[in-house]
Amino acid sequence: GSVNNNDGGAWDITISDNDHLYVDDLRQGMIRIFDLNNLSNNLQEISSISTENEQEWADSPDDHMTTNGNHLFYAYDSDGDSGRVRIYDVSNPSNPSYISTYQTTFGTIKEIMFYENSLILFGLMSGTTENNTYGIEILDVSNINNPIQLSLTERVHTHDINHQFMDMIIDNDTLISVMHCYNDASYHNNNRIYTLDFFSITDPVNPQILSQDIEILGDFYGSYFDLAVLQDKLYISTSNSGEMTVVNITDIQNCTIDTVYDWPGPSYRTNAVIIDTSVFDLLYHGLDQIKASSIDNEMLIIAATDYVQGSIFDSELNDQYVIISLETGGLTIYHKLTGIAPIVDVVENDTIMEDSSAEFIIVDITETLVNVITYSDPPHVEGSFDGSEMILSLIPHEDWYGDAYIVIQAYNQAYPDTAISSVTLTVLPVND
């Protein structure tokens, strides 16, 4: 459930190794620092860092943060033509202090991440939409007072980039950048596409382009998107039409679409997306509510929160919580799923003929032993569960017909909760 809501506008958020939450609150013109270590007395704000004089404008989505050890790195666009990174000492989060500013070669910084001890910046070389030059800049920040550029890799995109919709993610030693390109009827056959570039960053002084301009059919109506990666699959979520494109990146020279999940309607639109593998492989995603989907079960949605006020802009997780930022609506924090009871696939009542049976599917994502118990009122229907096929059969007693109210209880060895469902089984007589 929700732990706390805070007023203000929350955009980019990040969590440090010691479980302090940093929130870029552009409405208030500050980075707000919260302690996630003890939420028994609600979320405690312990300090803030003013950014009011450092922002180009009050609603920019191109402010990004990351932490490394005792330092916070805050990337922003100061005047529309100069991307900068401010560095803060947060060893004492109650009293953070400014250290230095690095002026990048980018007009707009689209993302920042750490790879080992190097800070990687991804952005546009100019803040104007007429310029399709972008790249990655890698910094040595071992001397926090004087960051040094290790390398700058520039590329001129051959397509018409939708400049708002650019992102990167790091998969082991490979950096993956994704662009959402505008419609170009002469080139894209009236479709919009994603283009993927792959860079080896093993040597930060000399990053290598492994493959580039890999075209994947994109969401035509896609707005802002987010990325996640797991086991040679790249997940690209968009916030408008409700699609999530899963790309097989096993062969980075010939990437292919693995699956497109089409979640129509506002309740299934996606924007923020993050993967949790701590218990089993779950993908948390959503635009106006957070849903937890089982990656190994065709994105079966196994849990969902209540709707939130506004749109989800960013999401982060630690060992205990999933945290979402809500643009103008502040923060909402949820407990992560630590397990899941079996899912009984009963959606409506059933009718069968005398001397036959009704079958229901039991879904379990924990891959542990599942037990199913049934109760019948009146007691004329028996349950028989086939654990190898995960099929529950409801079998009426011989020559009995009528209505029976059936309660189904299912549980597994991995999680203590029990799934309970019910169904009214109508057995019609057969004229012998």
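# Reading the terms in a predicted model

Student: Why is Met-299 called buried?

Tutor: Met-299 has a relative accessible area of 4%. Buried means under 20%, exposed means over 50%, and partly exposed is the range in between, with a 1.4 Å probe and protein chains only. The value of 4% is under the cut-off, so Met-299 is buried. Met-299 sits in the loop between strand 24 (291-294) and strand 25. Its C-alpha atom is 8.0 Å from that of Leu-283, 16 residues away along the chain.

Student: What should be known about the model before going on?

Tutor: The model is predicted; local features need pLDDT of at least 70 and side-chain atom pairs pLDDT 80 or more, while totals for chains, interfaces and linings use all residues. Residues are numbered from 1 along each chain as its sequence is written, and side-chain values use heavy atoms, with hydrogens and water left out.

Student: How do you know where the confidence is lowest and where it is highest?

Tutor: By pLDDT, the predictor's confidence in each residue, from 0 to 100. The chain has a mean of 84, and 84% of its residues reach 70 or more. The lowest mean, 38, belongs to strand 1 (residues 2-5), and the highest, 95, to strand 33 (residues 381-386). Over residues 1-7 pLDDT stays under 50, and over residues 55-59 it also stays under 50. Where pLDDT is low, the predicted coordinates should not be read in detail.

Student: What makes a stretch count as a strand or a helix?

Tutor: Both are DSSP runs numbered from the N terminus: a helix is H or I over at least four residues, a strand is E over at least two. By that rule the chain has one helix and 36 strands. Of its 432 residues, 53% are buried.

Student: What makes strands 22 and 23 a pair?

Tutor: Two strands pair if DSSP finds at least two bridges between them. Strand 22 and strand 23 (residues 282-286) have five bridges, in the antiparallel sense, and in one of them Val-273 has His-285 of strand 23 as its partner. They belong to an open sheet of four strands, ordered 22-23-24-25, with antiparallel pairing.

Student: Why do strand 22 and strand 25 count as edges?

Tutor: Strand 22 (272-276) and strand 25 (300-304) each have a single partner strand, so one side of each lacks a neighbour in the sheet.

Student: How do you know that strand 18 is covered on both faces?

Tutor: In a regular strand the side chains alternate between the two faces of the sheet. On one side of strand 18, Phe-225, Leu-227 and Val-229 are buried, and on the other Asp-226, Ala-228 and Leu-230 are too. Strand 18 (residues 225-230) thus has six of its six residues buried. Strand 18 pairs with strand 19 (residues 233-238) in the antiparallel sense over six bridges, and Leu-230 stands opposite Lys-233. The two strands form a hairpin with two residues between them, and Gln-231 in the turn has a positive phi of about 50 degrees.

Student: Which side chains make polar contacts with Asp-197?

Tutor: A polar contact is a pair of N or O atoms within 3.5 Å; within protein, one must be able to donate a hydrogen and the other to accept it, and residues adjacent in sequence count only if both atoms are side-chain atoms. Asp-197 reaches the side chain of Tyr-134 at 2.2 Å and that of Arg-155 at 2.6 Å. Both values are within the limit, so both count as polar contacts. Asp-197 lies in strand 16 (residues 193-200) and is buried at a relative accessible area of 1%.

Student: What is His-20 in contact with beyond its sequence neighbours?

Tutor: Contact means heavy atoms within 4.5 Å. Leaving aside neighbours within four places in sequence, the partners of His-20 include Thr-14, Ile-33, Phe-34 and Pro-93. His-20 lies in strand 3 (residues 20-25), and its relative accessibility of 9% makes it buried. The side chains of His-20 and Asn-18 also make a polar contact of 3.0 Å.

Student: Why is the pair of Tyr-88 and Tyr-98 given the name it has?

Tutor: Rings of Phe, Tyr and Trp (its six-membered ring) pair if their centres lie within 6.5 Å; planes under 30 degrees apart count as stacked, over 60 as edge-to-face and the rest as tilted. Tyr-88 and Tyr-98 have centres 6.0 Å apart and planes at 70 degrees, so the pair is edge-to-face. Tyr-88 is buried at 3%, whereas Tyr-98, at 42%, is partly exposed.
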